[in-house]
Amino acid sequence: MKGTGAQILWESLVREGVDTVFGFPGGAVLPIYDALLEYPIHHVLVRHEQGATHMADGYARASGRVGVALATSGPGATNMVTGIATAMMDSSPIVCITGQVSSPFIGYDAFQETDVTGITLPITKHNYLVTDVKDLGRVIREAFYIARTGRPGPVLIDIAKDAQQASMEWEPDVSPIQLPGYRPPQEPLSADLELALNLIHAARRPVILAGHGVLVSGGVNQLREFAEKTRTPVAVTLLGIGALPASHPLYLGMMGMHGEAWVNYAIQEADLLLAFGMRFDDRVTGNLQDFAPEARKIQIDIDPSEINKNVSVDLALIGDLAETLDQILPHVEACDHGEWNEHIDEMKSESSQRDIQNMPDYGRLYAPHVVHDLWKYTHGESLVVTDVGQNQMWTAQYYKHEKPYHLITSGGLGTMGFALPAAIGAKFARPEAQVWAVAGDGGFQMTQAELSTAAQEGIKVNVAILNNGYLGMVRQWQEFFYDRRYSSTPLHSPDFLKIAEAHGLTGLRVTRRDEVESAIRQAEETEGTVVVEFRVEAEESVYPMVPTGAALDAMIRRPLPSHLTIE
Amino acid sequence: MKHTLVALVEDKPGVLNRVASLFRRRAFNIESLTVGHTHTPGISRMTIVIDSTQTNAERVTANLYKLINVIQVDDLAEMPSVSRDLAIIKVSANVANRGELIQLVDVFRARIVDVGSESLIVEITGVEEKIDGFVDVLRPFGIIEMVRTGIVAMARGSDPYPNLPSNGNGSVAVKELATLVDLV
Ligand SMILES: Cc1cc2nc3c(=O)[nH]c(=O)nc-3n(C[C@H](O)[C@H](O)[C@H](O)COP(=O)(O)OP(=O)(O)OC[C@H]3O[C@@H](n4cnc5c(N)ncnc54)[C@H](O)[C@@H]3O)c2cc1C
Ligand SMILES: Cc1ncc(C[n+]2csc(CCOP(=O)(O)OP(=O)(O)O)c2C)c(N)n1
Ligand SMILES: [Mg+2]
């Protein structure tokens, strides 16, 4: 068939199974937008290109498919940078398409020319500049393939305007993709598998550290089987939440800086750590010298560059997690770590005394209570997308997830403004799901313009703003480490109800605990996007907290309630 | 300790930039980096020398492999190899000391490639230490200008190289991301 570059692009996207694209037009993508009208792809007009990238990211994480974002050259492309870096850090498969000035003008500082492949080189898994229409079909296939295979990640395709306009005789290519430098994950050596089994069978105090790789590999069943067979308790990273149902008896909870105390203690006391698809982020390990000093460490990861990066391991199995566990499982002998599990349970019950959920609220509205109630009244079944800061940590701690990818959050980059656009993207991917965005008053204001996108699309997400009047997480650090000098963290916000109403949406405000349940129900029952502002306690902090540079078990704990500290 | 890596890369625009950007981003310390053609069209060869006391060779290799355009990386520390550096040196010379210079050039098996009234241009190839030694003995004469290529290196033996997979690799072996359909 004969087609222009723009037509080849859309035709190729249709063939990749793309049904939704998040974008914003401009001069360098006019041919692409013109051709769009002929194809069965829904275009979501965003209010800022950062929003498009987060939407594509939320879409990808919620569906397991590649999310697609589209922007013009220059400012359109640079606005994407934050979202691309976010997807890179969290291994999220998105394809970003940008227009570029016509190829004869590249390098001449043409109007709205930016070297976007140069800018995004370190924050993409791979990127392409296409100046010849003949390359376009192949490049798009490769881009989707690279984005979704192996360790997933963002791929950017920059297409010169003349390549969009040029036409050629074109047949879709179905031959195998030729990428001589794109290495398949190695297969673990059988000697290493044997060694792993020996370590597993010899362990007395093992802990599994389940990360995002469990979800990426689709290995939740294998993880569960392994844990149950070996009676090994499972700690999760922030991005590994959902790898094992929170209600499972072997589920420990989140590890790390704001992980549960008993989880961090268990890791420090362990004699074997099984790192399954997690990259020992510094928010997870605390001080590296003091990290799990007694433990042998086995790491299963698809990316060889993650081995011995932060934590040296005794044994590395490089490969896909699910496949590697499939190889190990038949040889695993049943273990019984009764004493170890009991010991952890004891630490758990000690911690529960300090848990704010077990403390009276004295008529105040605490953010952790709000999240707990949100969990309770949504029956733990919502797809929850968080922003960054205290709201994110409380959601990680108190919304107990049973299924993978029901918590979507920016972990590695910690991008404020992520929640609302990523929630919109997730809703497009999973229209049947109840989607809740949980954001702080600060982060919500960074991308609140996307409410207008939700309104235009008539799409329903529920937004919970935990309004504490502060850039709370930074305020907390100032409280703990800077002598309570609250420099530039008190935050004035607009009337969020009026913001919602101005967009033709519903706004609700909650100031007391006894109003939380009805507001949640009302939000879920109301048609269209609803913004619920929770006016929560201003100076509440996230506990426990491992100060940066401290060992994992040197946590700042929530003070015991006064009636327990008297003795 | 010096450590030599050989990387075969696709000969495409921007590949050198990708490699350089990787080294900068990961704070890898590079002693030298040379690029040139191989006998296989479409494939270039980079010789990368790192100081392995500061930069871990395994980390460099693993990160190089993450670049889609990098086809193969070999660590020459793991195999017998030959390595060469080339230098072109312009040195002050007058009638009085020219004879002495020519003698030194002979001893080091270097070559004089240009003679001016006040200077000579000398070319030398060899292992890095030999060239370092030559530069040291020339210094007292007055070095006006010098250029060195950086090391190029090759493993000994007759194994076919590059030893590439015939059809690329991805299509069969790279595992596709699991879809949620399987998960929930
Ligand atoms: C304010 C704030 C506080 C935070 N506090 C914490 C905290 O207390 N605790 C915490 O855990 N995190 C915390 N984080 C998040 C943290 O920064 C990291 O993002 C997170 O720990 C990374 O989790 P991960 O290693 O599981 O996932 P990723 O960073 O996504 O890494 C995934 C790993 O799995 C591997 N992988 C991918 N696919 C496969 C496959 N198919 N098979 C095998 N392996 C695969 C990858 O190569 C990679 O090594 C916080 C973030 C913020 C913003
Ligand atoms: C784009 C961006 N800028 C700055 C930060 C640093 N930062 C991390 S948490 C935080 C405070 C967030 O405040 P808010 O959104 O109100 O959430 P809260 O912590 O109060 O729940 C800030 C400023 C960031 N993570 N992202
Ligand atoms: Mg706040």
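Reply: Salt bridges first: over all chains of this predicted model, the count comes to 40. The rule asks for a side-chain nitrogen of Lys or Arg within 4 Å of a carboxyl oxygen of Asp or Glu.

Me: What makes A:Arg61 and A:Asp57 a salt bridge?

Reply: Their side chains meet at 2.7 Å, N to O, and the limit is 4 Å, so the pair counts. Side chains of opposite charge can pair when their charged atoms come close.

Me: Where do A:Arg61 and A:Asp57 lie?

Reply: Both are in helix 3 of chain A, residues 49-63, four residues apart, or about one turn. Helices here are DSSP runs of H or I with at least four residues, strands are runs of E with at least two, and both are numbered from the N terminus. An α-helix has 3.6 residues a turn, so residues three or four places apart point the same way.

Me: Why is A:Arg61 called buried?

Reply: Buried means under 20% relative accessible area, exposed means over 50%, and partly exposed is in between (1.4 Å probe, protein chains only). A:Arg61 has 4%, so it counts as buried.

Me: What about A:Arg513 and A:Asp361: which parts of the chain does the pair link?

Reply: The side chains of A:Arg513 and A:Asp361 meet in a salt bridge at 3.7 Å, N to O. The pair links distant parts of chain A, 152 residues apart: A:Arg513 is in the loop between strand 19 (506-510) and helix 23 (516-525), while A:Asp361 is in the loop between helix 15 (338-352) and helix 16 (367-377). A:Arg513 has 26% relative accessibility, so it goes down as partly exposed.

Me: Which residues are linked in a network of salt bridges?

Reply: One such network links A:Arg151, A:Asp303, A:Glu306, A:Lys309 and B:Lys66.

Me: On to the metal. What makes a residue a donor of the magnesium ion (ligand 3)?

Reply: A donor is an N, O or S atom within 2.8 Å of the metal (3.2 Å for Na, K and Ca); water is not among the atoms, so sites may look incomplete. A:Asp441 (OD), A:Asn468 (OD1) and A:Tyr470 (O) lie 2.0 to 2.1 Å from the magnesium ion (ligand 3), and these are its protein donors. Their sequence spacing is D-x26-N-x1-Y. Both A:Asn468 and A:Tyr470 are buried.

Me: How do you know that chain A agrees with a compact globule?

Reply: The rule is 2.2 Å times the number of residues to the power 0.38, and the radius of gyration is taken over C-alpha atoms. For 567 residues a compact globule would come out near 24 Å, and chain A has 24 Å, so the two agree. The C-alpha trace spans about 80 × 65 × 40 Å along its principal axes, and 62% of the residues in chain A are buried. Chain A holds 24 helices and 20 strands.

Me: Why say that the buried residues of helix 14 of chain A line one face?

Reply: In helix 14 (residues 321-328), A:Leu321, A:Ala322, A:Thr324, A:Leu325 and A:Ile328 are buried. Down the helix axis these buried residues fall within an arc of 165°, so they line one face. That arc is taken from the directions from the helix axis to the C-beta atoms. Their cover includes helix 9 (190-202) and strand 12 (272-276) of chain A.

Me: And in chain B, why is B:Ser32 called buried?

Reply: B:Ser32 has 15% relative accessibility, so it counts as buried. B:Ser32 sits in strand 2 of chain B, residues 30-37. Leaving out residues up to four places away in sequence, B:Ser32 touches B:Thr47, B:Ile48, B:Val49, B:Gly150 and B:Ile151, where contact means heavy atoms within 4.5 Å. Chain B has six helices and nine strands, and 42% of its 184 residues count as buried.

How values were computed: Residues are numbered from 1 along each chain as its sequence is written. Chains are lettered from A and ligands numbered from 1 in the order in which they are written. This is a predicted model: local features need pLDDT of at least 70, side-chain atom pairs count only at pLDDT 80 or more; totals for chains, interfaces and linings use all residues. Side-chain values use heavy atoms; hydrogens and water are left out.
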